[in-house]
Amino acid sequence: MSGESGQGAGAPAGGKPQANLKRQIASGSFWVLLGTGGQQLINFLVFIAIARVLDPGIVGVVAFAVIGIDVTSYICKFGQVETLQRDQAHSQARLSTAFWLTATLGLVATIGFEIAAQVLGHWPKNHLVAQVMTLLAPLCLLQGANATAEAVLRGRMEFRSLTLR
């Protein structure tokens with residue numbers, strides 16, 4: 001009778017794999033928290049420095065444009081980073097497809113922001129918004145092209161268990 005030992009058929013003996021998983025989750029959580037927290041702290045400090053130097057109206061325009069770029073970039077990635085991170089067994093063809101898909105969407109978003117900037121530039125009192133949008137528009141392309149590399153690097157750092165949540 002194999003089931004009488006108190007452990008199920010698939011239970012780890014001695015709990016070592018479960019302890020290893022807990023350690024991996026704790027380590028991954030720490031590094032994600034440190035990376036995200038550090039990035040947010042740097043962004044906050046840069047924003048404070050910019051706010052002290054520039055006119056408040058200009059800071060508002062830049063903040064508004066950055067929000068638009070961030071939302072658009074998030075939409076362009078449409079879960080590719082998380083999908084590639086979750087599924088560790090991906091072929092070169094799959095990585096290539098994900099790269100070109102997100103890069104193309106980033107390019108389309110960049111062109112869309114540039115067109116919107118040109119349209120806004122023709123309205124009175126919107127020249128500053130148009131200039132800021134033109135300067136920030138390439139960030140969509142850069143973030144789209146970066147998505148596949150981000151997924152591969154996250155997967156190699158063993159954050160897979162966090163993505164499966």
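Me: What makes Leu 107, Ile 111, Ile 115, Val 119, Trp 123 and Leu 141 a nonpolar patch on the surface?
Reply: In this predicted model, these six names belong to one patch with about 550 Å² of accessible area together. Patch residues need over 30% relative accessible area and no salt bridge, and nonpolar side chains are joined within 5 Å. Helix H4, residues 92–121, gives the most to the patch, with four residues.

Me: Where is Trp 123, and why is Trp 123 called partly exposed?
Reply: Trp 123 sits in the loop between H4 and helix H5 (127–136). Its relative accessible area is 48%. Buried means under 20% and exposed means over 50%, with partly exposed in between, so Trp 123 is partly exposed.

Me: Why does Trp 100 count as exposed?
Reply: Trp 100 lies in helix H4. Its relative accessibility is 54%, and the cut-off for exposed is over 50%, so Trp 100 counts as exposed. From Trp 100 to Gly 144 the C-alpha distance is 8.9 Å, although they are 44 residues apart in sequence.

Me: How do you know that Cys 76 is in no disulfide?
Reply: A search of the whole structure finds zero disulfides. For Cys 76, the nearest cysteine sulfur is that of Cys 140, 5.9 Å away. A disulfide needs the two sulfur atoms within 2.5 Å, so 5.9 Å is too far for a bond.

Me: Are Cys 76 and Cys 140 buried or exposed?
Reply: Buried means under 20% relative accessible area. Cys 76 has 7%, so Cys 76 counts as buried. Cys 140 has 1%, so Cys 140 is buried.

Methods: Residues numbered from 1 in each chain as written. Predicted model: local features only at pLDDT ≥ 70, side-chain atom pairs only at ≥ 80, totals over all residues. Heavy atoms only, no water. Patch = residues over 30% accessible without salt bridge, like charges linked within 9 Å, V, L, I, M, F, W, Y side chains within 5 Å. Areas by Shrake-Rupley, 256 points an atom, 1.4 Å probe, with all protein chains shown as cover. Salt bridge = Lys/Arg side-chain N within 4 Å of Asp/Glu carboxyl O. Helix = DSSP H or I, 4+ residues; strand = E, 2+ residues; numbered from the N terminus. Buried < 20%, exposed > 50% of the residue type's maximum accessible area, 1.4 Å probe, protein only.
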